[in-house]
Amino acid sequence: MESLTEEQTHILTRINVTASTFSFAGSFFIVLCYLCFKELRKFSFRLVFYLSLSDMLCSLFNLLGDPRQGFLCYVQGYTTQFFSVASFLWTTTIAFTLYRTVVKHKADVEDFGLLFHVYVWGTAFVMAIIPSIADDYGPAGAWCWVRNETTTGKLLRFVTFYVPLWGAILFNGAVYFQVIIMLKHATRMAVSMADRQRQAEGRPEMKAMNRWGYYPLILIASWTFGTINRIHDFIEPHNKLFWLYCLHISTASLMGLFNSIAYGFNTSVRRTLQERLEQWLPEKYRLWRPAFRDVEDAEELLPLEQKEGPEP
């Protein structure tokens, strides 16, 4: 960061560590819930578990701050690249699962489990190994990542990081758009037919639909400033904007927290936590338990996974 002062660089490092702490805590909570509560280990939440695990490990290595150089610097750069790309790709598997279930009415999503792992971990590994071939991992300002001293390093950042990122954003947006249109159409059909039973059955799915509309926005909100910042750096490498770096780091490092709230803290998790609290707390303290919102029994990530059978 040639045009940023040493003090500004330290501030960016502190922002990165602070935001990553919140993301680590949120992701760790979802991972812990999955490991502790067997009733949550359904296929839909298993995908959320792997998403949270990727976010948690990415945040963990961000907590190293700015190793500057040496082995820890290489480790931070490599792991940040690997687990960030893995996180992007796990969101696409969740989107694909919803599309397969809601739009295509297929009940075979679990058959894709192994393929999802090959796709996510394999792609993340390739995207992480490419910069290491030319030894491009190293100090990148307030942290360690793909170095940007050369044009090759800058291009590698876009090819191995921002292309998967915006590819995931476009894919998720297109999928969720189709899912929402499908459910809205089904709801209109139920209304026009005055089928009260179908309308009642559709209410949990409509609540979930309102939630799904925000999922593609998580990656957009987390990485819009980062993308703008990298494009600006590529065009004007000697005119770095400190305020833009602050926005970039604060939003990008909070991605794990955003994902854990949107994807992880859903109906099933809240209901499970409430049931456990009711079991563990003495009777006289139960009035003081957290008042989780009373929601209908709907799987927010995959409402039709168990309702729909195979297509005839």
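Modeller: Ground rule before we start: a residue is buried under 20% relative accessible area, exposed over 50%, and partly exposed in between, using a 1.4 Å probe on protein chains only. This is a predicted model, where local features need pLDDT of at least 70 and side-chain atom pairs count only at pLDDT 80 or more, while totals for chains, interfaces and linings use all residues. Residues are numbered from 1 along each chain as its sequence is written, and side-chain values use heavy atoms, with hydrogens and water left out.

Biologist: Okay. Is R68 buried, exposed or partly exposed?

Modeller: R68 is partly exposed, because its relative accessibility is 36%. It lies in the loop between α2 (43-62) and α3. Helices here are DSSP runs of H or I with at least four residues, strands are E runs of at least two, and both are numbered from the N terminus.

Biologist: What is the phi of R68?

Modeller: It is positive, about 75 degrees, and R68 is not a glycine. Most residues other than glycine have a negative phi.

Biologist: And what about the phi of H105?

Modeller: H105 also isn't a glycine, and its phi is positive at about 55 degrees. H105 sits in the loop between α3 and α4 (113-133). With 25% relative accessibility, H105 counts as partly exposed.

Biologist: Let's zoom out. How many helices and strands does the protein chain have?

Modeller: Ten helices and two strands. From the N terminus, the order is α-α-α-α-β-β-α-α-α-α-α-α.

Biologist: How much of the protein chain counts as buried?

Modeller: 48% of its 312 residues.

Biologist: What share of the contacts join residues at least 24 apart?

Modeller: 76%, among contacts between residues at least 6 apart in sequence. Contact means heavy atoms within 4.5 Å.

Biologist: New topic: cysteines. Which ones form a disulfide?

Modeller: C73 and C144 do, with their sulfur atoms 2.0 Å apart. The cut-off for a disulfide is a pair of cysteine sulfur atoms within 2.5 Å. By that rule the count is one disulfide.

Biologist: Which parts does the pair tie together?

Modeller: C73 is in helix α3 (residues 71-103) and C144 is in strand β2 (residues 144-146), so the link joins parts 71 residues apart in sequence. The link of C73 and C144 is left-handed, with -110 degrees about the S-S bond.

Biologist: Are C73 and C144 buried or exposed?

Modeller: Both are buried. C58 is buried as well, because its relative accessible area is 10%. C246 is buried too, at 16%.

Biologist: Now helix packing. At what angle do α3 and α9 pack?

Modeller: About 20 degrees, with the axes of α3 and α9 (residues 255-264) 12 Å apart. So α3 is roughly parallel to α9. Angles under 35 degrees count as roughly parallel, over 145 as roughly antiparallel, 65 to 115 as roughly perpendicular, and the rest as oblique. Axes are lines fitted to C-alpha atoms, for helices over the stretch in contact, and angles run from 0 to 180 degrees between N-to-C directions.

Biologist: Which residues make the contact?

Modeller: From α3, S87, F88, T91 and I94; from α9, M255, N259 and Y263. By class, that is four nonpolar, three polar and no charged residues. Ala, Val, Leu, Ile, Met, Phe, Trp, Tyr, Cys and Pro count as nonpolar, Asp, Glu, Lys and Arg as charged, and the others, Gly among them, as polar.

Biologist: How many residues of α9 are buried?

Modeller: Seven of its ten, which leaves α9 mostly covered. They are M255, G256, N259, S260, A262, Y263 and G264.

Biologist: How do the axes of α1 and α8 cross?

Modeller: They cross at roughly 15 degrees and come within 9 Å, with α1 spanning residues 6-36 and α8 residues 242-252. That angle means that α1 is roughly parallel to α8. α1 brings Q8, I11, L12, I15, N16 and A19 to the contact, and α8 brings F242, Y245, C246, I249 and S250. Those residues divide into eight nonpolar, three polar and no charged.

Biologist: Last one. Where is N229 found?

Modeller: In helix α7 (residues 215-235). N229 is buried, because its relative accessible area is 0%. Leaving aside neighbours within four places in sequence, N229 is in contact with L244, Y245 and H248.
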